[in-house]
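Open the model in your viewer and keep the sequence panel beside it. The tour goes from stop to stop, saying what to select and what is there.

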Amino acid sequence: MGKTCSKRKIVDAVSTSSGRGRKTSFTRLFFLLSPALIIISLLFGGGLALGFLQALGYLPGQGFDQIGLQYFTHVLQDPDFFNSLGISLYISITSTLIAAVVSVILALALMRWAANNRAMHFILQIPLTAPHLVIGIAALFLLSPSGLFSRLFSQLGILTSSSHFPLLVNDRLSIGILTVYIWKEVPFITFMLFAVLKNMGSELDEVGATLNGSKTQRFTHITMPIIAPSLGGACLIVFAFTFGAFEVPYLLGRTYPMALPVWAYKNYSDVDLLARPEGIAIGMLLAGIIILAIVFSQLLLQLSRNRSFSL
Amino acid sequence: MRMRQHLLFWPILLTVALPFIPLLLWSISEQWFYPALLPQNFGTRAYQYVFGTAGNQILTGLFISTALALVTTCISLIFGIPAGRALGLYDFPGKKFATLLLTLPVIVPSLSVAMGLHLWFLRMGLAETFTGVVLIHLTFCLPYTIFVIWGVFSDYNLDFEEQARSLGAPGWKIIFQVMLPMILPGISIAALFSFLLSWSQYLSTLIIGGGKMLTLPILLFSLMDSGDRPVAATVSLVFIVPAFLALMTSAHNLGRNGMEGIR
């Protein structure tokens, strides 16, 4: 359960504040924490800061005279940017929403009919550990016009040739990409919700039932408010991941418009060295959008919490 | 009730197993033309290619991937255990900020960080080196490890350490003979998942390694481009072996600790 466990810690970190512990001396804390925090600040903070500098046009040896927003404005004026942003937002929002709905249903079903079914829990953990790349390749083998599904339908006599099979990879609606992400992320969100549901127990629901609450009322007034913070946190992680991931849209996406990470890397690795700062600028915009999403959702959470306190 | 459980179980099993079916079939196929549902000829050519002499590059990739993931995991543990302990046991001013600092590298895409670091690494002679790739993997493996160890220490009982101390045990003895044995299941889980995280990296390795560090995922992408499906399928299966091992181990640990892990 390791991955779920640690991811839950991350979900906690973005959804609620956890912490009830002892106090200790500053020196001890310093010795325990500072090596790790220094490494992370240097690599992560340094990486983003240097990336930002390069996106502003800084090149070592050339000095700072080229510094400016020219690469950012160039990227933002490129209609391709909005096409890529659009396809990336479409992919991550759609897959997160579908995965969230499926996960809520699945978590409730597990809770009701299979709370202690070991085999089921083991099977649901498989997608958590399988690398995205491998599942992307498998999706290609399954869904492409000459893939396993197409073969199956033509054996059944439904298809007369592979060209009649609907385009499910490198397609306009990104069906292949969405399928891979939903397959990967549903178990993740489900386990997050399942842990909360299990902690909640059945008492509240029973109280609701004695008060003559209908099934729908109990779901919207008891279950939903309890799972909402975890659901929100898990969805935020899924959204951020699917928005910034490269492998799956690279394998299963269309050549135009490309998902934002794919477009960023294409510019970055372009033989034309002038495209490189633009690629970095796209990478920085990508990071900026995700950081904004986190900050925004934290603020929203704070706001809703304050409101519920005042009520 | 039983019926409902089956109605839930079989569709889930089928959905989870589905992607692995074509991988297995392609890996043992010698000839598989279009409308056929199963390969016309089965064989072990792909496996011989991957593990035989001709597949030397793939074996090297396997070695590089393993070494990278092992080194990254060890460093993550060395720095992650103390940090996780501090976060799990103590409350202190600035804890929220530290949490944010650890959350961001896990969530912000590694491609943004790798693009920024590349030029810096180039100047320091770290680009296209093993060390450079370990450093970029550390950027997210270390915070991830800290989150796992943090969870381990949030229900850790300090009394045992106190007892050892009152019996006169020196600090290093407390660490190696009291603390580490107690948190060993948590450490093994942290290690496995940090290993997996480094093992499945593609783009950050490519950006910093610059085609010199040909790890398994990088070879897998070029195999997909070359169109040799049986070999790509076989390498895919090799690629998920550590993931499967991690799963077995964490299931084993779960069996030992009951459901405490997820509650």
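Select Glu161(B) and Arg85(B), which form a salt bridge whose closest N and O atoms are 2.8 Å apart. A salt bridge here is a side-chain nitrogen of Lys or Arg within 4 Å of a carboxyl oxygen of Asp or Glu. The pair links distant parts of the chain, 76 residues apart: Glu161(B) is in helix α8 (residues 159–166) of chain B and Arg85(B) is in helix α4 (residues 56–89) of chain B. Helices (H or I, at least four residues) and strands (E, at least two) are DSSP runs, numbered from the N terminus. Both Glu161(B) and Arg85(B) are buried. Buried means under 20% relative accessible area, exposed means over 50%, and partly exposed is in between, with a 1.4 Å probe and protein chains only.

A word on the source: this is a predicted model, in which local features need pLDDT of at least 70 and side-chain atom pairs count only at pLDDT 80 or more, while totals for chains, interfaces and linings use all residues. Residues are numbered from 1 along each chain as its sequence is written, chains are lettered from A and ligands numbered from 1 in the order in which they are written, and side-chain values use heavy atoms, with hydrogens and water left out.

Stay in helix α8 of chain B and select Arg165(B) and Glu162(B), which lie three residues apart, about one turn of the helix. They form a salt bridge with the closest N and O atoms 3.3 Å apart. Arg165(B) is partly exposed at 43% relative accessibility, and Glu162(B) is partly exposed at 44%.

Next, go to chain A and select Arg218(A) and Asp205(A), a salt bridge with its closest N and O atoms 3.4 Å apart. Arg218(A) is in helix α10 (residues 215–244) and Asp205(A) in helix α9 (residues 203–210) of chain A, so the pair ties together parts that are 13 residues apart in sequence. Arg218(A) is buried at 19% relative accessibility, whereas Asp205(A) is partly exposed at 25%. Over all chains the count is six salt bridges.

How many salt bridges are there between chain B and chain A? The count is zero. Show both chains and colour the contact, where contact means heavy atoms within 4.5 Å. It takes 98 residues from chain B and 104 residues from chain A. The area buried between the two chains is about 9,300 Å², and carbon and sulfur atoms give 77% of it. Buried area is the accessible area (1.4 Å probe) that two parts lose on being put together, summed over both.

Now select Thr190(A), in helix α8 of chain A. Thr190(A) is buried at 1% relative accessibility. Leaving out residues up to four places away in sequence, Thr190(A) touches Ser103(A), Leu106(A), Ala107(A) and Leu110(A).

The last stops concern the backbone. Most residues other than glycine have a negative phi, and most peptide bonds are trans. Select Ser174(A), which has a positive phi of about 55° although it is not a glycine. Ser174(A) lies in the loop between α7 (148–155) and α8 (175–200) of chain A, and is buried at 4% relative accessibility. In chain B, Glu128(B) has a positive phi of about 60°. Glu128(B) sits in the loop between α6 (110–123) and α7 (130–154) of chain B. Finally, select Tyr256(A) and Pro257(A): the peptide bond from the one to the other is cis, with omega near -10°.
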